[in-house]
Structures are given as C-alpha cells and as structure tokens.
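Me: I want to learn how to read helix packing in a model. Please take me through it step by step.

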Amino acid sequence: MAQFLNPSKTLNPVQLRLANSPSSSLLPVKSIPKLLKKKKFPSITISASSKMSSSQHQTPLSISLQALADGDRKIEVTNAIKNSVSNCLSETHLDLTVHGLKSKTRGKVRDIYDGGDYLVLVTTDRQSAFDRILASIPFKGQVLNETSLWWFSKTQHVTPNAVVCSPDKNVTIAKKCSVFPVEFVVRGYVTGSTDTSLWTVYKDGVRNYCGNALPDDLVKNQKLPANILTPTTKAADHDVPVTPQEIVQRGLMTQDDYDEVSGKALSLFQYGQQVALERGLILVDTKYEFGKGSDGTVLLIDEVHTPDSSRYWIADSYEQRFENGFEPENIDKEFLRLWFKDHCNPYEDEVLPDAPEELVTELAWRYIFLYETITKSKFEMPMTKEHIHDRISRNVSQALSSL
C-alpha cells in the first residue's frame, strides 16, 4: 500500500465557520452564451415551489435560484473572484518555508507534505479533469478543504476519518495511514462524459461494469435501480475500472477490508444523497478513498462530496428535464469538461487551450455556491492582500509546533 495519504477527518472543525447564511440557499448559475455557442448549457432557474417525484421520499427546501443568479451575493462573490485570479494557489513549496516538513508529493489538486507524525495536505486551486490540470480557479482550494471538513464532521457516525486539525483555510493536517490503492466510485445515475464514465461505457455496449450487471434500455442521466460501486485503480496516469474480485486477486485489498470499505462507501453515499436532497440537490456520483491507521482502523481520507469529487444536479427540475431529453441543471465542473472536449482532445493533445476567464469565474462561483448550499453557511473569502502561500506557511508552522 502507498505510505502517503490524502487526508480526511474532522475532530476539531477549526475551519468550518458555520455562520448563519441567508435562508435561500442554492446556486444560481447563468449560462455563458458567447463562449458556449456550440453547446448550450442550461441556466439554473428554479421556482420557489419544489415538487418531487413520488419516488423521492423527501421534499427539498424551497429554493429560488433566479434570485441568487442576479442578486447581490453573486455580484459580491464574482467581483472577489475576478480580483483574485492573479493570486491563485497553483503551486506550493512548504518544504522550503516550514521547518520540519520533509518530502512533498504533488497530486492533481493537493500537495502532501511529510510532517513526521502527521501529513500536511494543502488543497490548491488547480483544476483537474481528464487526468490532467486544466486551469487554476480562485478560492477553489479553500472551498474543497472546507467542504470536506464539513462532511467529515457530519459523517463520523458512518466511519472515522484521518483529520487531526485544519490550521488554515486551505490546509488539513491528518494522521498518517496506509492508503488502499483503490478509489471507491459510487454512482446513482447513468451519466458522464469521460472515458470511464458509466454512460460512456454503457452506450458502447457494456452491460457488466465493475461487477455490476446493468439492465438494457437505460438512457443517459437515468436513475439506476440501485446505487452501484464501480471501483478504479491507478495506472501510470489514469484510472482503470476494476471488479471486486480483481481487487482481491491482485492483492490490492483483502476480502475483509474490501467488504468493510465497500459497505462504508455505499453508506456514505446514501447519507450524502439524503443531505443533498434536503438542500434541493441530487448527489449523482462521487468517489471516496480509504486507508488504515497505525492501529488497523479503516479511515476515510482525501475529500468528501466536494464539487471536484462529486456530481450534483438540481433536484427540482431533474424529472421534467429528463423526460424532455434535456441535460440536468448542474452545479459541478461538467460544463468545463465539455468545453475542453469541444475545443481540443484533452486526452491526447500535448498543449491545451487556456480556459476562458468567464468559465473560470463561473466555475469559482458554482463551487462557492455549492459550499454555501450544502453547509448553509456563508463562504468567508480572505480579506487581506497577503499571498496565500505566505499565510499557509505561517499557519502550518504554528500548528506543527503545537502538535
């Protein structure tokens, strides 16, 4: 097993700052007409009354996204985003600025530092898709870190996690553990645009995926009869689907560990769907990572139900749009994925085009809106002009000296 970890737990929610937020909580997203002429992505406009299908047992909060789409909050946030484009956290070098930190492991989004007894995980603003970096998104690292901390705190009844503390908006300090070399992807719908997405393989004729028998005649964006687990394992530079039997046969996990972790993953997803629906959202799919602590305890690590690791749709409009053959209204990074697929081959092109500033701004707003919707709290943007790396270095140094 790998000896480094992508974090996860929330003992003291130092960075959660769950302030009371406005009663209306759901992200208004405008379409970006000039940039997206080839593909029209739906703007999010939801009426205040929420009607759910009979198959959905909970009624989400009443939501008016149009009010947020053109409201003061979006203007405030968008202005802050535009002013912060030049101050994104794209790279970190804490091994040079924080005494006691050793090796650095650079992930797609997180930089992980060996702090002796602990790992220091810095969530950057890098935007990843297609197993590569597409852009840097203002405030993204803070959004992901604080969203995960909120979920880690709320899911301790399902599984323990590895978080020790969060000394900075972009940082989690976590227990060291041995990471299972498997990502546990849980899906509730047939959708997606990447090569390993369920819809991509299904439309190509696959009817048994990662050990799951799939019925015929499913259509894109349809709800599955039951949530399914589609694990992947890492190849050189991309994810490879794998069956539970292959995981055990290859020695990636023992049968007992797989059974425990798969059960936790499905339970986490079911709970996440419940919380999301209460907030007017559908948690469509997500991924989890797990490891073992020094005492043998299975720990949830990395991130939980963030807009990077998860797909979210608007619950109120899903059924009608699905019945009429329209794409669901979403508040995740799918529209950015589709823009790159329209303008290049993101899997094979050596150099990718720059993401337009309008898309970068829109994605940053969607991430912040999703955070505020899920946590029911107001996202606190840094008020000082201090460079993010300097702030992180100072806060991590103080935290490590006290542990």
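Reply: Start with burial. Buried means under 20% relative accessible area, exposed means over 50%, and partly exposed lies in between (1.4 Å probe, protein chains only). Helices (H or I, at least four residues) and strands (E, at least two) are DSSP runs, numbered from the N terminus. This is a predicted model: local features need pLDDT of at least 70, side-chain atom pairs count only at pLDDT 80 or more, and totals for chains, interfaces and linings use all residues. Residues are numbered from 1 along each chain as its sequence is written, and side-chain values use heavy atoms, with hydrogens and water left out.

Me: What share of the protein chain counts as buried?

Reply: Of its 403 residues, 58% do. The chain has 11 helices and 17 strands.

Me: How many residues of H10 are buried?

Reply: 17 of its 19 residues are, so H10 is largely enclosed by the rest of the structure. The expected span is 1.5 Å times one less than the number of residues. For H10 that gives 27 Å, and the end C-alpha atoms are 27 Å apart, which agrees. Just after H10, Lys-376 has a positive phi of about 55°.

Me: How do I describe two packed helices?

Reply: Use the angle between their axes and the distance between the axes. Axes are lines fitted to C-alpha atoms, for helices over the stretch in contact, and angles run from 0 to 180 degrees between N-to-C directions. Under 35 degrees counts as roughly parallel, over 145 as roughly antiparallel, 65 to 115 as roughly perpendicular, and the rest as oblique.

Me: At what angle do H2 and H10 pack?

Reply: H2 (residues 72–83) and H10 (residues 357–375) pack at about 125°, with axes 10 Å apart. They are therefore oblique to each other. Contact means heavy atoms within 4.5 Å. Among the residues making this contact are Val-77 and Ile-81 of H2, and Trp-365 and Ile-368 of H10. By class, the contact has 5 nonpolar, 2 polar and 6 charged residues. Here Ala, Val, Leu, Ile, Met, Phe, Trp, Tyr, Cys and Pro count as nonpolar, Asp, Glu, Lys and Arg as charged, and the others, Gly among them, as polar.

Me: Which residues join H4 to H7 in contact?

Reply: Geometry before residues. H4 (residues 140–154) and H7 (residues 255–278) have axes that come within 12 Å and cross at roughly 110°. They are therefore roughly perpendicular. Trp-150, Trp-151 and Lys-154 of H4 meet Tyr-271, Gly-272 and Val-275 of H7. That contact divides into 4 nonpolar, 1 polar and 1 charged.
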